[in-house]
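I opened my notebook and looked up one structure. These are my entries, in the order I made them.

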Amino acid sequence: YKYNATIVHDLVHIDINSSYPSIMRYKPIPTYLVDYSAEKQILQIDPEYYYFIEISKEAFKKLMLSHIKSKMLRIALIKYLDPVTNLSDSIYLQTPHIRLIEKIINKPISSLPVISYLKYETHGFGGLPVIQTNYQAKTGAKKRGASNGEVQAFKVPLNSIYGVSALRAYFPLYEYDENFNLISIADGNGFKNTERNLVFSSCVTAYAFEKLLTPLTYDVEGVDDNFIYADTDSLFLRLSYWNKIKQYVDQDPIKLGAWDLEHKHVLKFYSLNHKKYCLYSEGKQKIEVFSG
């Protein structure tokens, strides 16, 4: 991409406060399977339910991609929904992906020609006390100027709620013995993950993708010249573009799920690839290097 290995000037850096925990806190989670089909048909989408949908690549391009004015948004959707590892002729959509595309094309999608689908009844996440307790502790630590290590420690249980369920089909578990040696407590391939975990982790990821790109839907035509870089939960945008769309963005430095203005004015930004970049901001007055 044209901005990789290029110094870009005058940006803003916005970041979502605890992206995945905020999804679990506020979004309806697919819980009970109420209908499914593996027959080709025109599916009428009921907004009261959550869907996993298989659609042909041809239909995806014709009905969705062809209506998106931004090349960068088309690239982002293809990279996310049709990675090089997908060797089939299908695209797999979930409800948040459809809602995101609706915002991008500014047009409702009420039906789709599907190859197969799953339809779920949704419910609120059951682990809210864990999220609330640890997020309050995290924000409290930030407010009193605690060390970065202490703040990060409160992020571990927040993110692990998602992380444990997002593991592979089989996953290992370890514990320390009395001599602090790490030993496996799983036999063979490890413990088998469950379908419920896979549905949960998949929906959280889909919601997070929708949330990350939603600010760019407020001015789709300006994206290609003004969107510079994205991470899992952050965006780097040209200042002039940000000033145009910021009135629509929920901003708060503490609120769970809101966008925080991480760097108000990035004077110079240089990226190599995903999670490898450095910047010099007006506020910090020093070079900051990020390498995930």
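I began with a definition: the radius of gyration is taken over C-alpha atoms, and the globule rule is 2.2 Å times the number of residues to the power 0.38. With 292 residues, a compact globule would have a radius of gyration near 19 Å. The protein chain has 21 Å, which agrees.

I noted the ground rules next. This is a predicted model, in which local features need pLDDT of at least 70, side-chain atom pairs count only at pLDDT 80 or more, and totals for chains, interfaces and linings use all residues. Residues are numbered from 1 along each chain as its sequence is written, and side-chain values use heavy atoms, with hydrogens and water left out.

**Overall form**

I looked up the extent of the C-alpha trace: along its principal axes it spans about 60 × 60 × 30 Å. I found nine helices and 16 strands in the protein chain. Both are DSSP runs numbered from the N terminus: helices are H or I with at least four residues, strands are E with at least two.

I then checked contacts (heavy atoms within 4.5 Å). Among those between residues at least 6 apart in sequence, 72% join residues at least 24 apart.

**Burial**

How many of the 292 residues count as buried, in percent? I read 42%. Buried means under 20% relative accessible area, exposed over 50%, and partly exposed in between (1.4 Å probe, protein chains only).

**Salt bridges**

I looked for salt bridges (a side-chain nitrogen of Lys or Arg within 4 Å of a carboxyl oxygen of Asp or Glu). The structure holds nine. Lysine 103 lies in helix 4 (residues 95-105) and glutamate 210 in helix 7 (residues 195-213), so the pair ties together parts that are 107 residues apart in sequence. Lysine 103 is partly exposed at 35%, whereas glutamate 210 is buried at 9%.

Next I took aspartate 219 and lysine 244, with the closest N and O atoms 3.3 Å apart. Aspartate 219 sits in the loop between helix 7 and helix 8 (223-226) and lysine 244 in helix 9 (residues 239-245), so this pair ties together parts that are 25 residues apart in sequence. Is aspartate 219 buried or exposed? Aspartate 219 is buried, at 13%. Lysine 244 is exposed, at 52%.

My last pair was arginine 144 and glutamate 150, bridged at 2.4 Å, N to O. Arginine 144 counts as exposed at 55%, and glutamate 150 as partly exposed at 28%.
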